[in-house]
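Work through the exercises below with the sequence and the model at hand. Each task is followed by a solution in steps.

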Amino acid sequence: MRANENDENLYREQLPHLGSLIRESGRKLCRPSTITNKFPILKWLPRYRSSYIVQDFIAGFTVGLTTIPQAIAYGVVAGLEPQYGLYSAFMGCFMYIIFGSCKDVTIATTAIMALMVNQYAQLSPDYAVFVCFLAGCIILLLGLLNMGVLVRFISIPVITGFTMAAATTIGSAQINNLVGLKSPSNDLLPSWEFFFTHLPSIGVWDALLGVLSLVFLLLMKQVTKIKWGHRIFWKYLSLSRNALAVIFGTFLAYILSRDGHQPFRVTGNITAGVPPFRLPPFSTTVEGEYVSFGDMISTVGASLGSIPMIAILEIVAISKAFSKGKIVDASQEMIALGMCNIMGSFVLSMPVTGSFTRTAVNNASGVRTPLGGAVTGALVLMALAFLTQTFYFIPKSTLAALIIAAMISLVEPERISEMWKSKKRDLFPFLVTIVTCLFWSLEYGILCGIAANLVYILYSSARPQVQITLEKINGCEVALVDVKQKLDYASAEFLKEKVVRFVNHLDSKIHLVVIKGQEINSIDYTVAMNVISLQGDLKSLNCDLICWNWNIGSAGVVCRLKHEMRPIFKFDYGLEELVISHFESPSSTASTVTMETAAAS
């Protein structure tokens with residue numbers, strides 16, 4: 001049967017059947033696998049073995065020893081009292097057990113989250129809790145809508161630039177605490193300016209302890225490379241380096257304190273006790289003035305987009321890094337993270353996400369299931385209940401050394417050389433991201449990086465690879481147009497202009513242009529309109545247009561738009577046969593397409 005006898009069926013648009021979609025969605029919702037996918041604990045808990053208990057306990061305890069000093073430090077980075085870091089370090093551990101899908105991931109506040117919330121937390125701690133709740137709601141909603149695919153639009157160069165900029169800013173903000181100075185700003189340039197203009201005011205004892213602690217932490221990270229002795233001993237010694245540094249600094253500060261005199265700047269009083277479980281604040285008071293819910297939203301502004309985005313990026317990247325061949329459900333990780341933040345806001349938590357450092361510790365400690373998080377969470381709660389008086393003596397220089405050591409590991413200059421070797425063009429979004437993050441703000445910096453990346457995508461889309469060659473077939477000169485990628489609205493005008501310009505610039509006139517369509521798997525209305533316009537332009541130049549071996553769906557877009565365009569689509573010829581048939585036929589618009597062959601194409 002010829003195509004012109006059945007054009008309506010051949011070029012009919014294939015739309016999904018709404019009833020079938022609804023029925024299929026209903027079946028999916030009713031499947032037991034849907035429930036277990038949303039609550040991963042239902043998968044691994046029935047298969048839990050008693051032999052896992054010891055490994056999960058050791059891993060959870062080791063992570064707890066790392067979490068407690070880091071949480072106190074990141075509470076300070078956020079501009080809050082140290083106990084807020086601990087408030088943020090336990091609820092996520094418990095919630096991730098229920099909703100998390102990666103056994104290694106540890107949820108708590110991170111240096112980047114702390115830095116991003118700093119400007120609001122300084123106004124009032126209520127802002128940090130408020131942002132935690134709203135960020136959790138946004139992340140949860142995106143997860144329920146299966147929007148995990150969004151993270152694919154943020155490239156590795158952008159993530160690398162953001163991470164390095166954030167690490168540099170955080171480390172720079174701690175340089176003054178490392179040597180006993182109290183800087184009025186945590187920003188990059190003001191921190192270094194304050195440091196260099198106050199060198200005579202450096203605290204000798206603070207600087208000595210801070211620098212030695214930093215050297216100790218960096219050296220302890222390398223002890224796993226020691227060949228002699230028991231490797232397990234060296235591994236756990238290295239994993240305990242943060243706790244050992246804090247214990248030593250605290251002990252030193254305690255024994256050297258005399259009659260209220262303290263040689264170091266210490267953390268000071270930390271509010272004892274577990275935080276109350278209550279609704280997050282939807283209004284607050286700043287300097288005696290009432291701030292409504294709407295005013296709090298206005299103050300937070302763009303951070304309601306950037307903080308959830310960064311939190312999602314961190315947890316998805318960490319989950320993928322430790323998935324060990326398993327497929328990571330980004331949407332489920334978003335659901336887990338959303339619940340961690342929502343429930344955390346009920347216990348005065350600031351925004352949390354996956355921590356790469358603590359997740360690496362968890363993995364290295366041999367954790368078997370997410371239940372190890374229960375031990376970490378319990379350890380943090382015990383610290384809040386019983387050890388806050390001890391935390392008074394933690395030197396600020398030790399905490400600064402701990403933060404700087406963590407940030408050094410996030411700065412990866414080898415990534416720059418890798419980009420230079422593989423594709424130098426990728427340095428552009430990297431540089432845009434790192435420069436704007438360093439000298440403007442983290443929130444707008446990552447948006448600028450994403451925008452720079454999208455410029456490349458749009459440019460590539462607007463200027464597809466189109467190769468036009470002049471072929472002599474059976475004595476006839478033909479312009480053969482080979483489109484190397486799909487066409488969309490951005491590239492439609494480019495294709496038309498390139499073909500018309502090619503025909504106009506030829507020394508000899510040609511009478512046929514053939515557009516190969518093997519790689520054109522879909523087009524839109526704009527492309528279809530430009531194909532119709534191209535045919536008209538070529539006709540005015542006494543030249544015919546043939547679209548050869550196009551996908552039926554792509555051809556259908558043009559043919560449904562203008563019925564008269566159907567004869568230009570040819571499917572069942574070789575190129576030489578096509579040209580011969582075209583020039584020998586009485587009408588150059590004769591259609592000789594078989595429906596069976598077209599469908600096979």
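**Exercise 1: the largest cavity**

Helix α7 gives the largest share of the lining of the largest cavity, namely 4 residues. The model is a predicted one.

Task. Describe the largest cavity: what is its volume, and which residues line it closest to its centre?

Solution.
1. Count the cavities of 30 Å³ or more; the count comes to 3.
2. Take the largest cavity, with a volume of about 110 Å³.
3. List its lining: of 15 residues, V105, T106, N362, P370 and G373 are the closest to the centre.
4. Assign the lining to helices. α7 (91-99) and α20 each supply at least two residues.
5. Sort the lining of the largest cavity by class, which gives 7 nonpolar, 7 polar and 1 charged residues.

**Exercise 2: the largest pocket**

Task. State the volume of the largest pocket, and find which helix supplies the largest share of its lining.

Solution.
1. The volume of the largest pocket is about 1,300 Å³.
2. The pocket is lined by 47 residues, and T163, I318, F356, L410 and E412 are the closest to its centre.
3. Helix α17 (residues 303-321) supplies the largest share of this lining, with 8 residues.
4. By class, the lining of the largest pocket holds 27 nonpolar, 11 polar and 9 charged residues.

**Exercise 3: α5 against α20**

Task. Classify the packing of α5 and α20 from the angle between their axes, and name the residues in contact.

Solution.
1. Helix α5 spans residues 52-77 and helix α20 spans residues 372-386; their axes are 7 Å apart, at an angle of about 40 degrees.
2. Angles under 35 degrees count as roughly parallel, and 65 to 115 as roughly perpendicular.
3. The two helices are therefore oblique to each other.
4. The crossing of α5 and α20 is right-handed.
5. On the α5 side the contact uses D56, F57, G60, F61, V63, G64, L65, T67 and I68; on the α20 side it uses G372, V375, T376, L379, V380 and A383.
6. Sorted by class, the residues in this contact of α5 with α20 are 9 nonpolar, 5 polar and 1 charged.

**Exercise 4: α5 against α19**

Task. Repeat the analysis for α5 and helix α19: at what angle do they pack, and how far apart are the axes?

Solution.
1. α5 packs with helix α19 (residues 356-364) at about 165 degrees, the axes being 9 Å apart.
2. Angles over 145 degrees count as roughly antiparallel.
3. α5 is therefore roughly antiparallel to α19.
4. The crossing of α5 past α19 is right-handed.
5. From α5, the residues A59, T62, V63, T66, T67, Q70 and Y74 meet T357, R358, V361 and N362 of α19.
6. The contact of α5 with α19 has 4 nonpolar, 6 polar and 1 charged residues.

**Exercise 5: α27 against α28**

Task. Which orientation do α27 and α28 take up, and which residues make the contact?

Solution.
1. The axes of helix α27 (residues 525-540) and helix α28 (residues 552-561) come within 9 Å and cross at roughly 65 degrees.
2. α27 is therefore roughly perpendicular to α28.
3. The handedness of the α27 and α28 crossing is right-handed.
4. Y525, A528, M529, V531 and I532 of α27 make the contact with V557, V558 and L561 of α28.
5. The class count for this contact of α27 with α28 is 8 nonpolar, no polar and no charged.

Terms used
Residues are numbered from 1 along each chain as its sequence is written. This is a predicted model: local features need pLDDT of at least 70, side-chain atom pairs count only at pLDDT 80 or more; totals for chains, interfaces and linings use all residues. Side-chain values use heavy atoms; hydrogens and water are left out. Axes are lines fitted to C-alpha atoms, for helices over the stretch in contact, and angles run from 0 to 180 degrees between N-to-C directions. A crossing is left-handed if the near helix is turned anticlockwise from the far one by less than a right angle, and right-handed if clockwise. Contact means heavy atoms within 4.5 Å. Ala, Val, Leu, Ile, Met, Phe, Trp, Tyr, Cys and Pro count as nonpolar, Asp, Glu, Lys and Arg as charged, and the others, Gly among them, as polar. On a 1 Å grid over the protein atoms alone, a cavity is a set of points where a 1.4 Å probe fits but cannot get out, and a pocket is an open set with protein on both sides within 12 Å along at least five of seven lines; lining residues have an atom within 4 Å of a point. Grid points are joined across faces, edges and corners, and a volume is the space filled by probe spheres set on the points.
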